[in-house]
Amino acid sequence: MVILPAIDLKEGRCVRLEQGKPDREKVYSGDPAEVARGWERQGAQWLHVVDLDGAFLGEPQNLHQLKSIRSAVNIPIQFGGGVRTLEILETLFSIGTDRVVLGTVALESPELLRQACDRYASRIVVGIDARNGKVAVKGWHDVTAIDALDFGARVAKEGVELIVYTDIARDGMLVGPNKGALKRMTEEVPISIIASGGVSSLADVAEIRNLAPHRIVGMIIGKALYEGSFKLKEAIDIAATNG
């Protein structure tokens, strides 16, 4: 299981939000590229970069910061936030993004999702952000009536090979991940999953590692790393251990 440190971008800074709420923000750095270098130095194998402004506004707003991060590190980057056209996808891949997460557009435009998967295959990831089991879109502002499990099964049929599953209520709260929802997702959605939201301790890392080996292939960790709850290397070592 791969650990992906999160770098959330808002107005050019590295921040964390609680439950995705813009008014519950904590700024950790004004230099996201230096943050990225730090994670690489500590052994990160991937970075998960989110353009929060883009998610809220429907189009990436922090591409300059993304380019700076790309220039600063050699490890792969997974990026999401406001990616809703094929043109933006092309731009992101042209500047060296390795994987792109589609959220709102994956739900609202199945045809665009199919085209993206046909063109870019495994470089396309779908983000399933859920509140009380229902899919949320547009920067988590709008909660739909669509069941997260049903949506996961739907995107799997479209050719998606990997999803990021986030429990919104737990994101940035350091209360532990929603293991029950993750387990159900592994049982009903036949593709690989990256777990996200609520990781607070090394025990959480171990529990998710053991929850569904070979199905949960990654874990995104944000606030716990920024607050010093544990070291990135400690999480990487546990994620790589069997049993």
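Residue E11 is exposed, with a relative accessible area of 57%; here exposed means over 50% relative accessible area, buried under 20%, and partly exposed in between, with a 1.4 Å probe and protein chains only. The structure is a predicted model, in which local features need pLDDT of at least 70 and side-chain atom pairs count only at pLDDT 80 or more, while totals for chains, interfaces and linings use all residues. Residues are numbered from 1 along each chain as its sequence is written, and side-chain values use heavy atoms, with hydrogens and water left out.

E11 is placed in the loop between β1 and β2. Helices (H or I, at least four residues) and strands (E, at least two) are DSSP runs, numbered from the N terminus. Although E11 is not a glycine, its phi is positive, at about 55 degrees. Most residues other than glycine have a negative phi. H214 also has a positive phi, near 75 degrees, and is a residue other than glycine. This residue lies in the loop between α9 and β12, and it counts as exposed because its relative accessibility is 76%.

Two strands are said to pair if DSSP finds at least two bridges between them. Strand β1 (residues 2–10) and strand β2 (residues 13–18) pair in the antiparallel sense over 3 bridges, and K10 has R13 as its bridge partner in β2. The two strands form a hairpin with 2 residues between them, and E11 is in the turn. Of the 9 residues of β1, 8 are buried, so the strand is largely enclosed by the rest of the structure.

The nonpolar interior was examined next. A nonpolar core is a set of buried Ala, Val, Leu, Ile, Met, Phe, Trp, Tyr and Cys residues joined through side-chain atoms within 4.5 Å. The largest such core has 71 residues, and those with the most contacts inside it are I7, L89, L102, I163 and I221. Apart from it lies another core, of 9 residues, including L4, A6, V164 and I194. Contact is defined as heavy atoms within 4.5 Å. When neighbours within four places in sequence are left aside, L89 is in contact with V83, V100, L102, A116, Y120 and I124. In soluble globular proteins, nonpolar side chains tend to be buried together.

In helix α3 (residues 63–72), the buried residues are Q65, L66, I69, R70 and A72. They cover an arc of only 165 degrees around the axis, which puts them on the same side of α3; the arc is that of the directions from the helix axis to the C-beta atoms. The face of α3 turned away from this buried side carries the exposed residues H64 and S71. The cover over the buried residues of α3 includes β1, α1 (32–41), β4, β5 (77–80) and α4. In helix α8 (residues 179–188), A181, L182, M185 and T186 are buried. Their arc is only 135 degrees around the axis, which puts them on the same side of α8. Among the elements that cover them are α7 (148–157), β10 (162–167), β11 (192–196), α9 (202–211) and β12.

T97 is found in the loop between α4 (86–94) and β6 (99–102) and is buried, with a relative accessible area of 2%. A polar atom of its side chain lies 2.9 Å from the backbone oxygen of L92. Leaving aside neighbours within four places in sequence, T97 is in contact with L66, I77, F79, L92 and R123. T241 lies in the segment after α11 (232–239) and counts as partly exposed, at 39% relative accessibility. The side chain of T241 reaches the backbone oxygen of D237 at 2.7 Å. T241 and M1 are 240 residues apart in sequence and 8.8 Å apart in space, C-alpha to C-alpha.

The structure holds 0 disulfides, a disulfide being a pair of cysteine sulfur atoms within 2.5 Å. C14 counts as buried at 0% relative accessibility, and C117 counts as buried at 8%.

Methods: A polar contact is a pair of N or O atoms within 3.5 Å; within protein, one must be able to donate a hydrogen and the other to accept it, and residues adjacent in sequence count only if both atoms are side-chain atoms.
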